[in-house]
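Here is a quick briefing to read alongside the model on your screen. Take it topic by topic, and keep the viewer open as you go.

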Amino acid sequence: MSGTWMTTRAWLLMLPLLVVMVAVIGWPLADTVRLSFTDAQLVGTAGNYVGFDNYTKMLTSSNFTRTLVTTTWFAVISVAAEMVIGVLAALLLNQEFRGRAVLRGLMILPWALPTVVNATLWRLIYNPEYGALNAALTQLHLIDDYRSWLGEPGTALAALIVADCWKNFPLVALIALAALQAVPRDITAAALVDGAGPFNRFRFVILPYLAGPLMVALVLRTIEAFKVFDIIWVMTRGGPANSTRSLSILVYQEAFSFQRAGSGASLALIVTLLVTVLAVAYAALVRKTAGSAT
Amino acid sequence: MERRSPVFTVFIYACALLLAAVILAPLAWLFVMSISPAADLAAKPLRWWPQAADFSRYAQLLSRAENSAGAAFTSSLRNSLEVAGMATLAAVVLAVPAGWAVSRTPSVGWSLSMVIATYMLPPVALSVPLYMGLSWLGLLNNVFGLALIYLTILAPFTTWLMKSGFDSIPREIEAAAMIDGAGLLQTWRIITLPLAAPVVATSALFAVLLAWDEFFYALLFTSDQRAKTLTVAIADLAGGRVSDYGLIATAGVLAALPPVLIGLVMQRALISGLTSGGVKG
């Protein structure tokens, strides 16, 4: 069969997917770009061309800077904690002990729990009047009075990060565990015979096998954390006093609560650009890690 | 075999217990809240185990009496099932031919890479035009409209899974059938699709999980019982002035059951699906 016909046939088979993707992703993205240069409202006026006004207005607003800092904190702390706890859990699950298979099965549960259910569950746990966290801590005499964990700017973001970590560290653990099981036994045995201690065995024997898969998990989790909306919306709506507002929530407020489609679009594209830069930088890092690991 | 000191063994079991407790405690509490009488949940000091288990909230949420909490819940359950079902079916129908094409003709692979790269896009970057478009089509607050939008998430993911699935089916088997005179459709029907059935099933289940979990678009594009999905209904409950926290917990348990069951049944396939992408990069 000729190569041209193969290629033509491949394009024909891809056509339905590509048409749908252009309709639901390509066109909206292009239209967001167009809107970002207008003062369009969500309903009604189509808007006039205003050049880069929206961009300069958004980039210089204190709201944007503050939200960017909040989102970065959320992403860095929660992803770092998920990676560390995830790898530790994987190292544990890679040991032999009774009940290991059951414990490994349990790890699926937080991952499978819908994000909104997870957010609701933690919101109930943190409840200032009846929450389980307050009850447990007072009954253990660790705190004297019930606190409003999600209602105070000092604790709200930390409380969100704990909830996010609980849901996402098991995924990192499962990915790391799969990588650990690919480490040939004779290599670890040889390192042991050669007198390598636990730390050196982890650093020089096991880590090279983990590096590739963990980098991919790191990239995916960071991008997700940077786009975060659901868990924050359900638990705090970005409050109190905007202390947990993420970039996605800021865009939502601008475009849908205040109905400013034009400036909301420009903000959305700024966020998109940030995520893209992050992803490209990471992709370069992944390639480097993959190159040095083998 | 590595020798293990008794101290180390005790340490391992202690860590395993801690990990199990961390995973299970919040989930167990969600269930306990759902069966505790409201008075127990408001008691100080808090009662950690109900005096008498009370399953009435499950009956209440699953009843279809008009204007009750049950009516809102069951309609959102139905909407979630419909949207997830339609979006998954459409995503698989688009993904199978496209995934096969990229697998067998790598020269068109760059177009799939572009489709997958859209994963980076935050949904907010598409939401305003999608809102205006759906409004123009009269598909706001409509399960068909929402299912269509869900393809932005489901289709790239399923196509990528299908492509790696077809990659593991040797072309030689297909070539043999073709030499024997079978056309493309016949080869698919007799050879390729039966071999790819497990991958199709895995992709479909992943798609169902993604659709079931989706919240942002559902929040934006639905407004009442005709199209509101479970995630939006639960967020409404959590953010509203519901005085019985047990009812919110019950809704959470019911919404979590299908994906948790899928997760447990599909454990092996899910993990290999999650990691194959990870290993290949």
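**Chain B at a glance**

In chain B, 42% of the 281 residues count as buried. Please keep in mind that this is a predicted model. The chain has 13 helices and zero strands, and it is divided into two domains, domain 1 (1-54) and domain 2 (69-280).

**Overall dimensions**

- The C-alpha trace of chain B spans about 75 × 70 × 35 Å along its principal axes.
- Chain B has a radius of gyration of 24 Å, whereas a compact globule of 281 residues would have one near 19 Å.

**Fold and contacts along the chain**

- If you take the contacts in chain B between residues at least 6 apart in sequence, 72% of them join residues at least 24 apart.

- Between domain 1 of chain B and domain 2 of chain B, the C-alpha centres lie 33 Å apart.
- Seven residues from domain 1 of chain B and seven residues from domain 2 of chain B take part in the contact.
- On the domain 1 side of this contact in chain B, the elements giving two or more residues are α1 (6-35) and α2 (38-42).
- Of the elements on that side, α1(B) gives the most, with four residues.
- By class, the side of domain 1 of chain B that touches domain 2 of chain B has five nonpolar and two polar residues, and no charged ones.

Technical notes: Residues are numbered from 1 along each chain as its sequence is written. Chains are lettered from A and ligands numbered from 1 in the order in which they are written. This is a predicted model: local features need pLDDT of at least 70, side-chain atom pairs count only at pLDDT 80 or more; totals for chains, interfaces and linings use all residues. Domain bounds come from an automatic or database domain assignment. Two residues are in contact if their C-beta atoms, placed from the backbone, lie within 7 Å. Ala, Val, Leu, Ile, Met, Phe, Trp, Tyr, Cys and Pro count as nonpolar, Asp, Glu, Lys and Arg as charged, and the others, Gly among them, as polar. The radius of gyration is taken over C-alpha atoms; the globule rule is 2.2 Å times the number of residues to the power 0.38. A residue is buried if 20 or more other C-beta atoms lie within 10 Å of its own, exposed if 12 or fewer, and partly exposed in between; C-beta atoms are placed from the backbone.
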